[in-house]
Amino acid sequence: MSKRMITVIPGDGIGPSIIDAAIKILDKAGCDFEYEFTDAGLTALEKYGELLPQRTLDMIEKNKITLKGPLTTPVGEGFTSINVTLRKKFCLYANIRPVVSFKGTQARYDNIDIITVRENTEGMYSGLGQTLSADGSTAEATSIITRKGAEQITVFAYELARKENRKKVTIVHKANIMKSTSGLFLKVAREVSLRYPDITTDEMIVDATCMKLVMNPEIFDVIVTTNLFGDILSDLCAGLVGGLGMAPGANIGKDAAIFEAVHGSAPDIAGKNLANPTSVILASIQMLEYLGMADKAEKIRAAVTAVIAEGDRTTRDLGGTHGTTDFTQAVIDRL
Ligand SMILES: NC(=O)c1ccc[n+]([C@@H]2O[C@H](COP(=O)([O-])OP(=O)(O)OC[C@H]3O[C@@H](n4cnc5c(N)ncnc54)[C@H](O)[C@@H]3O)[C@@H](O)[C@H]2O)c1
C-alpha cells in the first residue's frame with residue numbers, strides 16, 4: 001500500500017525549525033508518511049517570485065492534508081495574509097484551537113481544557129473591502145456574516161462537543177453592539193443549539209469572555225465564535241497554558257485540512273534555536289487524530305507530556321534552558 005502523502009510548508013521565521021522537529025517526531029513514532037515540501041509566503045517570494053505559487057495550491061489540493069509553519073504578514077501595509085487566502089481558497093471554515101494544561105509549565109492554571117472553535121473564512125478578519133481614502137484620513141473594511149457560515153461552524157462545534165464528550169458550548173459574540181453581523185451569528189447559533197439538548201449552551205459577550213477566561217477559565221469547555229474574536233481569544237487561551245509555544249490549530253474544510261501552530265513566525269527568536277516546537281507537534285497530533293491514527297497521536301502526546309513534566313530539557317518559554325533541537329531530541333528519546 002502506498003504511503004500517505006502530506007504536504008509540508010515550513011513557512012517563515014521559526015517555521016522551518018519547528019516543522020523539522022514535528023516531522024522527526026512523526027517519523028520516530030512510526031507514522032510512515034511521505035512528505036512533499038513546498039513554500040508559501042516570504043520564503044516562496046524569495047524562491048519563486050510569488051507569495052502563493054500554483055505548485056503549492058496544487059499540492060494542498062492533491063494531498064488534502066498539510067502541515068504548515070507560520071507565515072509572516074506585514075503589519076498595516078503590504079500584501080494580504082497568505083493564511084487568510086489559503087483558508088478562504090480551500091473553504092477551511094473551521095479553526096479548532098484546543099488548549100490543555102501541561103504539568104511542568106509555568107502557567108497560572110493547571111486545570112485548563114478548552115477548545116476554541118473559530119469561524120475561519122468570514123467576518124471582519126477576512127479582510128474584505130479594506131480601503132484607505134486617497135488623503136489617508138478615512139479607512140474602511142467590510143464584515144460579512146452569512147447564515148450558512150454561522151450554521152456550519154456552530155454545527156461543527158456542537159458535533160465536536162458530542163464526539164469528545166464535552167458538556168458545554170459557549171457562544172461568544174458582540175451582538176449588543178454589532179447587531180447585524182454578530183446578531184445574525186448569535187441568532188443562528190441559538191437555533192443550532194436547540195438541536196443539541198444534551199449539551200449545555202451558554203452565551204457570552206466577547207469582552208466579558210476575556211475577563212472570565214482570565215479569572216475563571218474552568219467554566220469554559222467549548223467556545224464557538226466568529227473569526228476575529230476567535231483569533232484573539234485563542235491567543236488569550238494560549239496564555240492560560242504557558243504561552244504561544246503550547247497552542248495548536250487545525251483549519252478544517254470539507255476537502256482539505258491545514259494543521260499549524262496558533263502562533264506566528266516569531267521574528268524576535270527566529271534562527272536562535274529558542275522556539276518551543278510543542279504547538280506544531282500538538283498540531284501534528286491533531287492531524288493524526290483527523291486521519292484516524294489515535295494510537296500514534298497518544299504515543300506522541302505521552303512523550304511530549306513526559307518531557308515537559310520532567311522539565312530538564314525544555315525551552316526558555318517553559319522555564320528551561322534548552323533549545324528547539326534539544327527539546328525535540330528529548331521527545332524522540334522518550335518515543
Ligand atoms: N498562522 C500564522 O502563520 C500566523 C499566526 C500569527 C501571526 N503570524 C504572523 O507572524 C508574524 C509575527 O507575529 P507576532 O510577533 O505578532 O506573533 P508571534 O506569534 O510570532 O510571536 C508573539 C510572541 O510569542 C513568542 N512565540 C511565538 N511562538 C513561539 C514559540 N513556538 N516558542 C517560543 N516563543 C514563541 C514570540 O517570540 C513573540 O515574543 C506576523 O507577520 C504575523 O502576521 C502568522
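1. Q286 touches I96, P98, P248, G249, A250 and F259, leaving aside residues up to four places away in sequence. Please keep in mind that this is a predicted model.

2. Where does Q286 sit in the fold? Q286 is part of helix α9, which covers residues 278-290. Its relative accessibility is 11%, and since buried means under 20%, Q286 counts as buried because of that value.

3. A polar side-chain atom of Q286 is 3.3 Å from the backbone nitrogen of G249. For the backbone nitrogen of A250, the distance to a polar side-chain atom of Q286 is 3.4 Å.

4. Now to the ligand. How many residues surround it? There are 21, and the closest are L71, T73, N83, G264 and A266. By type, this shell splits into nine nonpolar, eight polar and four charged residues.

5. G264, one of the closest residues, has a polar backbone atom 2.7 Å from a ligand oxygen. S265 also takes part through its backbone, with a polar atom 3.0 Å from an oxygen atom of the ligand. K68 uses its side chain instead: a polar atom there lies 3.5 Å from a ligand oxygen.

6. How much of the ligand does the protein cover? On its own, the ligand has 810 Å² of accessible area, and the protein covers 69% of it.

Methods:
Residues numbered from 1 in each chain as written. Predicted model: local features only at pLDDT ≥ 70, side-chain atom pairs only at ≥ 80, totals over all residues. Heavy atoms only, no water. Near = heavy atom within 4 Å. Polar contact = N/O pair within 3.5 Å; in protein donor to acceptor, adjacent residues only side chain to side chain. Areas by Shrake-Rupley, 256 points an atom, 1.4 Å probe, with all protein chains shown as cover. Nonpolar A, V, L, I, M, F, W, Y, C, P; charged D, E, K, R; others polar. Helix = DSSP H or I, 4+ residues; strand = E, 2+ residues; numbered from the N terminus. Buried < 20%, exposed > 50% of the residue type's maximum accessible area, 1.4 Å probe, protein only. Contact = heavy atoms within 4.5 Å.
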